[in-house]
Amino acid sequence: MSRTQPITAIGLDVGTSRIVTAVPSPDGQTFQSQLNAFVAVPYLKLTETSLQRGRVPHSVAGDQIIVYGDESERMADLLGREVRRPMTRGLLNSNEPECMLQIQTMLGALLDGTPRDARLYFSVPAPALGSEGDLTYHEATMRQILEKLGFRETGSLNEGLAVIYAELEDSNYTGIGVSFGGGLCNVAAAYMSVPVLSFSIPKGGDFIDQSAANVTGETVNRIRMLKEDSFHLNGHYSDKLMQALTVYYDDMIQSVVDGLKSTFQSGRKAPKVGRSVPLVVSGGGVLPQGFRERFQKAVEDAGSAIPVSEVRLAESPLHTTAKGVLVYALSE
Ligand SMILES: Nc1ncnc2c1ncn2[C@@H]1O[C@H](COP(=O)(O)OP(=O)(O)O)[C@@H](O)[C@H]1O
Ligand SMILES: [Mg+2]
């Protein structure tokens, strides 16, 4: 990787499922990511050496080794276990203080070698639809972790807005951005980059995986791997697992469309964008074949309530949020 560009800003997407970094590069951005998950395996000197050699983020805790990131998924599957997560539904878990250390270890590995005087912004979810929500703990803790890693200039950006800043330059940052993540779906609308609404829906990939696991009796981890490998949303399934995934996917899509509909119909408080605007879908949840068409159909079925001119797929759905945060950080 040849870098001829100074890194003055970093975009960080701290998702329930995945942590992604974006830094400026001559042809746009360079991304790195790790699963936001870990698993404990018994300590063996041999295991530790293999992990070191494979440059897998890990730490030793007594007679166990904690394996972080992408490798934790494979390890957990080999052992027939579930991976564990430092975050649920978009937020750091305030009941588990050790999750702070876990995130710090993963961020330390991902941000290794980046200049500490760079401006570092991170994404935060919106409150759940209809609630005030409280991001204070999450945001303050994230800043504390980043300061411990040496970053002095930090800030946050709403995730749905990040999607708009990443993808809607051609409509002058006017439109709707939706991120279909693991813990949440985040929605925002902006008019000429000014935020006019945002909310989240507490149903994402984890909800789909958990619900399908309940129906089929497989581990949630296994279901997620099968879903990412071979699930699509065009055509019919006779397979019970694939059919269950379709049912819960439709449930998630409908919840987002219902949220948009009720927000745009909320009387005097309803946002007025004036005309139909583009809507961009991003996040790991949009990756199955046929997703865009399925979502567009649900928006169309909602009628004129949602002022959408077209539904677009983000250019690189797993990187969209980090890219948008970087665009914002560079513009500040
Ligand atoms: N290739 C894929 N096909 C289907 N789903 C995927 C794929 N890759 C990731 N996902 C799903 O996307 C979700 C995570 O999306 P992501 O945007 O990384 O989430 P978060 O913002 O929560 O970190 C998970 O539910 C994961 O299973
Ligand atoms: Mg996300």
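Beyond its neighbours within four places in sequence, Val-325 touches Gly-11, Leu-12, Asp-13, Ala-22, Tyr-121, Phe-122, Ser-123, Leu-157 and Ala-162, a contact being a pair of residues whose C-beta atoms, placed from the backbone, lie within 7 Å. The model is a predicted one, in which local features need pLDDT of at least 70 and side-chain atom pairs count only at pLDDT 80 or more, while totals for chains, interfaces and linings use all residues. Residues are numbered from 1 along each chain as its sequence is written, and chains are lettered from A and ligands numbered from 1 in the order in which they are written.

Val-325 also belongs to the largest nonpolar core, which has 84 residues and in which Val-178, Val-256 and Val-325 have the most contacts. Such a core is a set of buried Ala, Val, Leu, Ile, Met, Phe, Trp, Tyr and Cys residues joined through C-beta atoms within 7 Å; buried means that 20 or more other C-beta atoms lie within 10 Å of a residue's own. Helix 8 gives this core its largest share, nine residues. At least three residues come from each of domain 1 (37-79) and domain 2 (164-313), with bounds from an automatic or database domain assignment. The centres of the two domains, taken over C-alpha atoms, are 34 Å apart.

Helix 8 (240-264) and helix 7 (220-230) are among the elements covering the buried residues of helix 6, helices being DSSP runs of H or I with at least four residues, numbered from the N terminus. Those buried residues are Gly-205, Asp-206, Phe-207, Ile-208, Asp-209 and Ala-212. The twelve residues of helix 6 (residues 205-216) should span 16 Å at 1.5 Å a residue, and this agrees with the 16 Å between its end C-alpha atoms; the expected span is 1.5 Å times one less than the number of residues. After helix 6 comes Gly-217, with a positive phi near 80°.

How values were computed. Helices (H or I, at least four residues) and strands (E, at least two) are DSSP runs, numbered from the N terminus. A residue is buried if 20 or more other C-beta atoms lie within 10 Å of its own, exposed if 12 or fewer, and partly exposed in between; C-beta atoms are placed from the backbone. Two residues are in contact if their C-beta atoms, placed from the backbone, lie within 7 Å.
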